[in-house]
Amino acid sequence: MKILTQVLITAIMATVMAFTATAVATGAVEPSPSKRITICLLPKKKGLPYFTTCSKGAQQAADELGDVELIYDGPTDGSPEKAASMVDRWALRGVDVIAVSPNDPEVLGQAMKKAREKGIRVITWDADAAPATREFMVNQATAREIGHALVDAMAKDLGSDQPEGKVAIITATLTAANQNEWIKYMKERLEKYPKLTLIATKPSNEDQRLAFQIAQDLMKAHPDLKGIFGISSVAFPGAAEAVKQAGNSGKVLVTGLATPNDMKAYVKDGTVKSVVLWNTVDLGYLTVHAAHALATGTLKPGQTSFTAGRLGERKIEGDQILLGQILVFTKDNIDQFDF
Amino acid sequence: MTTRLRTLATNRLLLLGGLLAIVFLGVSVAHPGYASAQNIRDLLVQCAPVVIIGCAMTLVILTGEIDVSVGSMMGLLAAGIGILSSPERLGLPAGVVVAAVVAGGILLGGVNGMLVVAGRVPSIIVTLGMMTVLRGVTEILMGGEWITDLPASVRYLGTGEPLGLPLSIWTAMAAVVATVVVARKTPLGLHIYATGGNSTAAAMARVHVGVVRVTVFAIAGLMTAVATLVSVPQQSVIESGIGVGFELLVITAVVVGGTSISGGYGGVAGTVLAALLLANIRPALLYLDLGDRATFWERAIQGAFILAAVLSDRCRWFRRADGKAVTITTGGSP
């Protein structure tokens with residue numbers, strides 16, 4: 001009896017699998033009458049609000065272009081191995097363009113290289129991999145722009161052309177490459193505001209509680225502290241909460257990088273005046289336009305710009321397609337964004 | 001002979017108390033703001049979860065075991081607080097959330113203990129596995145998103161100040177008193193010391209060493225739940241990384257506090273003093289304004305404390321082996 005059941009289950013499973021395989025195969029060889037372009041958009045982690053909003057913009061672009069079949073898919077746990085196997089599968093299907101936001105450039109780089117060998121166009125977006133593994137990168141912002149935008153936002157929030165006072169940075173870890181790059185350009189920009197002095201750069205080890213404690217200590221040790229930059233995802237709300245609980249809202253300003261939804265409460269109560277990020281909807285939109293232009297031959301290496309629908313002319317520096325528009329969310333505009 | 005042991009214990013407490021006073025007074029002289037009521041309050045709030053879990057960890061280590069899963073447990077229970085209480089998720093009332101989190105903590109700790117006792121697996125292995133499993137479960141539950149809309153009733157647990165003191169400080173004081181009473185005045189306390197001192201001898205003296213072990217792990221789960229409840233809602237965001245590395249902070253406090261890593265010897269008073277001392281390192285470096293490089297020293301100093309504590313623990317063992325010092329005197333049944 002037991003064996004019979006097992007055989008039966010195996011048979012059923014085999015049938016189901018065969019059906020699925022046929023379905024997939026049919027999908028792959030189905031001739032597209034109007035030569036539709038299949039673009040696959042791979043996020044680091046599916047289900048994150050950040051990437052979900054990117055996919056909304058991507059769908060807008062696909063609808064506008066009309067001849068694009070957009071596939072938005074990625075691992076729900078952010079596993080680079082699963083992401084790589086998705087790239088492999090798409091490569092086997094023979095899609096036109098794969099746009100990857102690699103969570104691990106090493107792991108995904110292999111799959112991307114293989115896909116390119118099969119003649120598939122590969123680009124990166126949101127995060128980059130080794131230049132040999134892709135043709136272009138759709139870059140939301142350079143480290144320079146991010147660093148400058150953060151300092152400019154703080155200067156503006158402090159409310160004069162020559163703002164003065166002490167400011168401090170709470171970063172992720174002292175070895176975080178992204179953050180260190182931003183800090184370098186923040187220091188460069190601070191020279192424009194000679195009366196702003198950076199008194200400390202402290203690591204929070206991606207720990208909200210530690211960021212909270214450091215912000216508390218900074219305020220007590222420097223009672224004349226004017227501003228705190230929280231430049232990692234949990235350092236920002238941690239620092240804001242410390243300022244709020246100390247009753248310093250409006251007296252010590254906090255700014256940093258985060259999605260508007262996560263900081264909305266602090267922006268509403270005045271602890272945070274500006275939240276810095278790029279428009280994630282536009283990032284997805286630009287990526288699909290770039291992929292489309294690459295597949296149709298209107299985008300070639302060496303170009304210095306290309307036209308991307310409603311975004312108009314976008315700059316290309318080397319192999320970097322720049323979104324080049326950092327957003328600052330304030331009390332006045334934060335409700336217009338939902339991501 | 002017990003007097004010798006007692007002197008050693010007193011010495012450790014004196015040493016820690018002295019160091020704490022030197023650090024605190026020293027920094028206060030350099031920067032008067034350090035001795036402000038606000039700073040003392042912040043330091044105590046910061047210590048509270050370390051002390052609460054540290055009480056239970058002292059009992060675990062006294063039994064000769066270790067629990068490295070408390071940080072991940074904190075993360076999972078924090079996710080539980082968020083999912084149960086957030087109006088966008090389950091939106092349950094604060095009372096139900098507290099009961100569920102406490103029950104969850106006891107259950108998780110109990111599972112740790114059962115695996116150690118019934119599975120006959122060393123506790124470092126069991127809890128190391130648990131540490132990874134619980135963090136994984138937390139990530140699945142949180143789905144990569146943050147919970148930012150904790151209701152005011154839950155935020156009160158972390159920010160409320162009944163009778164002028166933060167709830168976490170009250171809780172930490174209660175935890176210390178309860179643990180001292182359990183350790184000193186109850187049969188369980190005696191059995192914990194006996195099991196850690198020499199579990200074979202304890203078993204022969206009809207101590208149920210298995211029951212003792214499961215109990216201390218369950219207490220660790222309970223205390224982790226309590227610490228999570230009074231510390232996590234102090235922050236506005238619940239994310240999947242809460243509690244990462246917290247177990248090291250707690251174990252450091254226990255070991256630096258003079259509890260022998262091989263069990264049977266030590267106590268809660270040392271853990272509390274060590275937690276206070278360790279909590280002073282980072283703010284002291286920040287107040288002294290030694291520049292950005294000073295930040296690198298924090299971990300090095302913490303590590304030095306652990307090494308010094310473990311080495312002094314070893315020295316004590318050598319003395320015992322020499323026969324000059326003492327044999328454990330608490331092994332008898334009550």
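Trainee: Setting aside neighbours within four places in sequence, which residues is B:Val250 in contact with?

Mentor: Keep in mind that this is a predicted model. Beyond its sequence neighbours within four places, B:Val250 is in contact with B:Val50, B:Ile53, B:Gly54, B:Met57 and B:Val70. Take B:Val50: 200 residues separate B:Val250 from B:Val50 in sequence, yet their C-alpha atoms are 5.5 Å apart. B:Val250 itself belongs to helix H11 of chain B, residues 246–256.

Trainee: Is B:Val250 buried or exposed?

Mentor: B:Val250 has 31 other C-beta atoms within 10 Å, so it is buried; the cut-off for that is 20 or more.

Trainee: Now helix pairs. How should I read H8(B) against H10(B)?

Mentor: Two packed helices are described by the angle between their axes and the distance between the axes. Here, helix H8 (187–197) and helix H10 (209–231) of chain B have axes that come within 10 Å and cross at roughly 105°. The two are therefore roughly perpendicular.

Trainee: Which residues make that contact?

Mentor: H8(B) brings B:Leu188, B:His191, B:Ile192 and B:Thr195, while H10(B) brings B:Val209, B:Val212, B:Arg213, B:Thr215 and B:Val216. By class, the residues of this contact are 5 nonpolar, 3 polar and 1 charged.

Trainee: And how do I read a sheet?

Mentor: Strands of a sheet pair through backbone hydrogen bonds, either parallel or antiparallel. Chain A has an open sheet of 8 strands with mixed pairing, in the order E2-E1-E3-E4-E5-E13-E12-E11. Its edge strands are E2 (68–72) and E11 (305–307) of chain A, each pairing on one side only. On average, neighbouring strands are turned by 25° against each other, direction ignored.

Trainee: How many bridges join E11(A) to E12(A)?

Mentor: There are 3, and the two strands run antiparallel. For instance, A:Ser305 has A:Lys315 in E12(A) as its bridge partner. Helix H3 (80–93) of chain A packs on this sheet, where it touches E1 (37–42) and E3 (97–100) of chain A, and its direction makes about 175° with that of E1(A).

Trainee: Last one: how many residues does each chain give to the contact between A and B?

Mentor: Chain B gives 23 residues and chain A gives 27. On the chain B side, helices H2 (37–62) and H12 (268–288) are the elements that give two or more residues. H2(B) has the largest share, with 4 residues. The side of chain B that touches chain A has 6 nonpolar, 13 polar and 4 charged residues.

Technical notes. Residues numbered from 1 in each chain as written. Chains lettered and ligands numbered in written order. Predicted model: local features only at pLDDT ≥ 70, side-chain atom pairs only at ≥ 80, totals over all residues. Contact = placed C-beta atoms within 7 Å. Nonpolar A, V, L, I, M, F, W, Y, C, P; charged D, E, K, R; others polar. Buried ≥ 20, exposed ≤ 12 C-beta atoms within 10 Å, placed from the backbone. Pairing = 2+ DSSP bridges. Axes fitted to C-alpha atoms, helices over the stretch in contact; angles between N-to-C directions. Parallel < 35°, antiparallel > 145°, perpendicular 65-115°, else oblique.
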